[in-house]
Amino acid sequence: MPSNKSVSDAPIAQFTNCRILRDHRLQREDLWVREGKILNPEKLFFDEKGSADIQLDCKGSIIAPGFIDVQINGGFGVDFSLATDDFKSGIKLVSQKILSHGVTSFCPTLVTSPPSVYHQVLPQIGVRNGGAHGAGILGAHLEGPFISKEKKGAHPEHCIRTFEAGAFQDLLATYGSLDGVRIVTLAPEIKRSSEVIQELTKRGICVSLGHSVANLSQAEEAVQHGATFITHLFNAMLPFHHRDPGIVGLLTSDKIPAGRRVFYGMISDGIHTNPAALRIAHRAHPKGLVLVTDAIAGMGLAPGRHTLGQQVVEIDGLNTYIAGTKTLSGSVATMDTCVRHFLEATGCSVETALEAASLHPAQLLGIEHKKGTLDYDSDADFLMLNDSLYVQATYIAGEEVWRQDVLGM
């Protein structure tokens, strides 16, 4: 057998009998992996004269990039917005459990909280690679507290803040630190938000617009200052109006700076957004759609009472409400469920549904050169799925980290 030693001693794995999602379409070809990266087989054959050390028969499965969830508040009894003594073990539990739902990277999300919670929790959310221990952490998503009281949703009103004389310094004082922060959701109509958006963007932090009563021109101004995301489109914002479509109007705005794309999150759980609204958004701006779970601590648990930060929420089937109200408060949907519902609701292609949970969130965060694709040299974070898009196995850095028990379906 020809030697692989010229470049690396690491074993080469060849995944055969599969359809790979590459270049926006499912292609019948093999996937080659070495040292946690996707290999270019032509370079392997012709430059290195190498071959596979291990062959795995995928039995006709789809191989797609691992899902990336940029808005997840917790799950399996763990609430990321609660400062507990065992916070690190909680985040580890969630990162382990979401592997079975195809999530290989995520942004732990904190809802509007008192400064003391940010100061305690944020230092414990370290950016780290995924592996057998669980999905990778890309950084925190801070949803609030600089939001609109009128569109607070499930966020506690007494913790909502505005920018005072210090503007960006107020934000820093509230959060304590921006180390490990990846996304900040704020309401762009708040005074002095433009300078805050510019400062966050300068630091490589993604600014998202949400929980807001902004009109379209305020939303466009925020995008011109660097905002690139919309938090759970249609939820916690002014409804679409034909004379002023509000934040929703960004999907077809002609005021977006050249070369910039606005992305928007959708909770495709069949509860938060009517399938017709999902179809409208997707048809208006398909390349900006990012599937998010917005999952809360009750995801994966039985119906009943759970927490979302400072609030008590009740789970009734797939509905989650602030206790004693009909205000929706996050979801209990898993990412693979959202992908399947999106596919069914929109009638889009399988490739489009998978990219909404992988490629698009990676593009939003500017990491598409290593995550969210199966391009050569990208991270070998991928899923094996059946034709109905149920996850059969999850791989991170080319290593199997979860597999469906044959008897478990």
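Buried here means under 20% relative accessible area, exposed over 50%, and partly exposed in between, with a 1.4 Å probe and protein chains only. This is a predicted model, where local features need pLDDT of at least 70, side-chain atom pairs count only at pLDDT 80 or more, and totals for chains, interfaces and linings use all residues. Residues are numbered from 1 along each chain as its sequence is written, and side-chain values use heavy atoms, without hydrogens and water.

First, the annotation. An unreviewed UniProt entry lists A154, N235, A236, R243, H272, L328, S329 and G330 as "binding site"; such annotations may be inferred rather than shown by experiment. These positions span 177 residues in sequence, and their farthest two C-alpha atoms are 29.7 Å apart, so they do not all gather at one spot.

R243 sits in the loop between β16 (229-230) and β17 (263-267); helices (H or I, at least four residues) and strands (E, at least two) are DSSP runs numbered from the N terminus. R243 is exposed, at 68% relative accessible area. G330 lies in the loop between β21 (319-322) and α8 (335-346) and is buried, at 7%. Leaving out residues up to four places away in sequence, G330 touches H272, D294, I296 and T320, contact being heavy atoms within 4.5 Å.
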